[in-house]
Structures are given as C-alpha cells and as structure tokens.
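Hi there,

Here is the structure I promised to pass on. Have a look at it first, and then read on for what turned up.

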Amino acid sequence: MASTILVGTQWGDEGKGKVTDLISGEYDVVCRCQGGANAGHTVMANGHKFGLHQIPSGVMYDGVVPVIGNGCIVDPSVVLEEFATLDAQGVSYDNLKISGNAHIVMPYHKDLDGANERRLGKNLIGTTRRGVGPCYSDKAARIGLRMQDMLDEKIFRQKLECALLEKNPILEKIYELPGYTVDQICETYLPYAERLRPYIIESSRFLNECIDEGKNILFEGSQATMLDIDFGTYPFVTSSNCTAGGAITGSGVGPKHVDRVLGIAKAYLTRVGSGPFPTELPQGDEIGELLCETGHEYGVTTGRKRRCGWYDAVIVNYAARVNGLTDLAVTKLDVLGCLDTIKVCIAYDVDGVRYTTVPEHQSLFYDAKPVYIELPGWKCDISNVRSYTELPREAKDYIDLIERLSGVRVSIIAVGPDREQTINRHWN
Ligand code: GDP
Ligand code: IMO
Ligand code: MG
C-alpha cells in the first residue's frame, strides 16, 4: 500500500497536472480534495493538450478512478464542459466519482467574486472569478448547497430560497446587480443534477473501501502552499487549504494511510494575481520576459500572463515544513537552459535582519529583499535527457542546491511538458 499526497510548493502552476499524469498509473484512484474550477492543470496525453479544472488529471488512465472529494467545490457547468472535451478525444470518464458533500458553485458566487474584486479596486486579489471565495464562505457560514442537495428538488429549492434571502439583497443593494429567483436557478441546475446524478456518491466511504482492498490513492493538490488560506500570503490566497492537511479533511481518509508527500516545485517561480513575491523580476525585465516566453507562462484558467522570478529556496523550505514533504519533483528545468547564469534566493534581508524562513509578519514579507547566490547556467537543451547522470554538471549542481536548501530529496525532474520528458531519480 502506498498512497501519496501531491502538493504545490509555490504559488501554483508548478506542473502538478503533468506530474499527476506521470505517476497516476501507479495508483488505483486519483482524488482532488480542495479547490474548484480555479485550478488549471495541463496534461499532455494521446498527443493532445488538456487543461483540466475540475476533473482529476488521473482521468487519462483507463484503470484509474478519478474522484472529486468532499473538500472541493464543484461548478457543474465546468464539469459538463470537461465531459465534452474528454468525449471529443475519446477519453472515458465513466469511473468518475463526485462527493455528495462537495459544495456547488452557484451563479451568485461568480457574480459576487467579480463584484468584490471591483469593490477592492487597486487592492484586488486578482482571483480567477470562478466564485471560489464566496462559495467557501457560504460553506463556512452553513448556507451553502451541496451536490447531494441537487438530487432532491424539494430540498434544493428550500435551501436555495434560504440562500437567496441573503444573496439577493447583497447583489441588488450593495452591488446594484440583478438578483435571482429560485425558478431561474432551478431551470439550469436541475438538468445539471440529472446529468451528474450517476457520479455522485459518498466518497469518503468509497476511498476507505479502496484502501481496505489494498488499493493506492494519489491525492492531487490544486493551487499551492503560498496560496493556502492558513499558510499562504493572506489575503492574497485562495479560500481552501492547499497544503497536505487539506488532502485529509478534503477526502475523509485518515493520515495513517498516507506514505509520501510529494511537493512540486518549478525550477524558477511564477505567480498569477496580486500579492507579495520577493524574487519577482520587474515588468519588462529581459530575463523575466525570456522565462515567460520560453516557459509559456500564461494561465490555463484565465489566460493571464504570469509574473515571473527566480527560484526562492526560502518558500520551498517552508513548504517542506508545513506539508511534511518526503519528496520533491522539480519541473521546467529545461526552461533555464536559455540563461547564462541563474540566481537562487537563499534568504531575505528585511531592514538588515536576515531571514532564512518566511517572516512571521506579512509586512516583513512585503519588505523582504532576496539574498541571491548566482550559479552558472548550462546553456543547452536538456529536454531529451532521461537520466540524472546525463544532465550537464551545472544542472546537477542546481538540483543538488535545491535539495540541500529544502532538506528534501529531488525524486523527479521534469524537462518538458510531455509525460516522457521526465527523469525518474528516486521515485521508484
Ligand atoms: P499546474 O496548475 O500545477 O498543473 O500547472 P499548469 O498546467 O497550470 O502549468 C504548468 C505548465 O508547464 C503547463 O503548460 C505544462 O504543460 C508545462 N510543463 C510542465 N512541466 C514542464 C516541464 O518540465 N518543462 C516545460 N517546458 N513545460 C512543462
Ligand atoms: P493551479 O491548481 C495559480 C490564485 C489567483 C488569485 C488567488 C485567489 O492551476 O495551480 P481564487 O480564484 O482561488 O479565489 O483566486 O489564487 N490562484 C491560482 N494561481 N494557479 C492556480 O491553480 C490558482 N488558483 C487560484 O490567481 O491570486
Ligand atoms: Mg495551473
């Protein structure tokens, strides 16, 4: 038995989709445990590129059961769009399971997400506007609707009526937006319920039964450590626990069943949306632009250009701590092949004080000036390299440094977007 939690160690888009797809074949079940359609996971399979938001990346393997766990929020329209994309490519999702306890993203959640961003003006979070914050807020406030509620029209109407009593005045009076009637929403959502009914189950029971049968589970994280609502750069975070603990509460599987925690780290750094980013290269910086273009750093969900910067060993070391990482996968190492020299942030300087971990106060993090060491680049294409020993010495030194500064062994190295563009060093 070997179940694994896979988490992002930075600000998202580290290549979780690629690594999930790479290792999914070793598991019987791949379960998403938090987040919603804000995730954008790219998988290259059957010669096609898939951008998955809701459905776990393990869907690409015939024998693997994809599960959307209770900690997720589900936008039924996005799930149905993904069904259509998978149908077009002949990928089966017959095995998909969706937790009846997962909350539903409602149209007013998306309206409120957008309205709240407009209200914040220049202080906006830069959300994906997928309704994530408002949906998780309703979950915590206990006025959310769950997937199981959709299966019973009477209950769905009752709960919706109760929610609209609060949502409509907010939409209409605070944001001057139109409200909703119960009938209006039912007209769209009840047909969704009929399409999704066959997939909705009690997923914690299912997952634990799988474990009892000796099956292995891969918990596919979304977003990342620095976007975690508790451990990230609050308030510039998402609204769920994207760290390893979220996989436990978001699946209903106990921690004793987890053997490994695999952190995914990009060989440089990107961030989408607002918030502090100490190693960010300024807009228009030549190296920043080169990383963005070579690494195709544009969001899968919103198409936004990602902010780019140098690898920050302080945050990956922090991720190792808050997730209890056992292994690291370093992705996009090939992208750095275009640089003469490469910087790595090993500490921060805040008003003359040196920090080797994320400072305790957010204002200190805002003022953190990166302390860099500079390494020689390898200046060649490594996308065809398949073993660690064949990597140029400078690339090996770079990986060794990441390992030393994080305290976690680098088990997987990705050198391109395709499944086979990977170096399996210690994974199995
Ligand atoms: P996720 O959200 O963590 O799954 O990551 P995204 O899919 O949003 O972004 C990662 C991007 O990098 C995708 O376009 C991947 O196809 C691509 N990618 C992943 N690993 C590698 C790699 O090792 N090298 C290169 N060049 N691209 C990669
Ligand atoms: P994957 O799984 C990168 C960011 C948004 C914004 C903040 C809050 O592909 O790595 P939200 O819509 O969640 O309320 O937005 O979080 N964000 C992501 N950034 N990758 C993601 O997912 C993200 N999901 C949310 O840009 O700054
Ligand atoms: Mg992404």
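A quick definition before the findings: a pocket here is an open set of grid points where a 1.4 Å probe fits, with protein on both sides within 12 Å along at least five of seven lines. Please keep in mind that this is a predicted model.

With that in hand, the space that ligand 1 takes is the second largest pocket. Two elements each give two or more residues to the shell around ligand 1: helix 1 (16-24) and strand 3 (41-45). Helix 1 provides the largest share, three residues.

Who are the neighbours? There are 19 residues around ligand 1, and those that come nearest are Lys 16, Gly 17, Gly 40, Thr 42 and Asp 334. By class, the shell divides into seven charged, seven polar and five nonpolar residues.

Some side chains also make polar contacts with the ligand. Thr 42 places a polar side-chain atom 2.5 Å from an oxygen atom of ligand 1, and Asp 13 has one 2.9 Å from an oxygen atom of the ligand. For Asp 334, a side-chain N or O atom lies 2.8 Å from a nitrogen atom of ligand 1. On its own, ligand 1 has 580 Å² of accessible area, and the protein covers 93% of that.

Away from the ligand, I also looked at the aromatic rings. The count comes to 10 aromatic pairs. One of them is Trp 11 with Phe 277, a tilted pair at 5.4 Å centre to centre and 50 degrees between the planes. This pair links distant parts of the chain, 266 residues apart: Trp 11 is in the loop between strand 1 (3-8) and helix 1, while Phe 277 is in the loop between strand 12 (269-271) and helix 9 (286-294).

Best wishes

Definitions and conventions: Residues are numbered from 1 along each chain as its sequence is written. Chains are lettered from A and ligands numbered from 1 in the order in which they are written. This is a predicted model: local features need pLDDT of at least 70, side-chain atom pairs count only at pLDDT 80 or more; totals for chains, interfaces and linings use all residues. Side-chain values use heavy atoms; hydrogens and water are left out. A residue is near a molecule or strand if one of its heavy atoms lies within 4 Å of it. A polar contact is a pair of N or O atoms within 3.5 Å; within protein, one must be able to donate a hydrogen and the other to accept it, and residues adjacent in sequence count only if both atoms are side-chain atoms. Accessible areas come from the Shrake-Rupley method with a 1.4 Å probe; for residues, only the protein chains shown count as cover. On a 1 Å grid over the protein atoms alone, a cavity is a set of points where a 1.4 Å probe fits but cannot get out, and a pocket is an open set with protein on both sides within 12 Å along at least five of seven lines; lining residues have an atom within 4 Å of a point. A molecule sits in a cavity or pocket if more than half of its atoms lie within 2 Å of its grid points. Helices (H or I, at least four residues) and strands (E, at least two) are DSSP runs, numbered from the N terminus. Ala, Val, Leu, Ile, Met, Phe, Trp, Tyr, Cys and Pro count as nonpolar, Asp, Glu, Lys and Arg as charged, and the others, Gly among them, as polar. Rings of Phe, Tyr and Trp (its six-membered ring) pair if their centres lie within 6.5 Å; planes under 30 degrees apart count as stacked, over 60 as edge-to-face and the rest as tilted.
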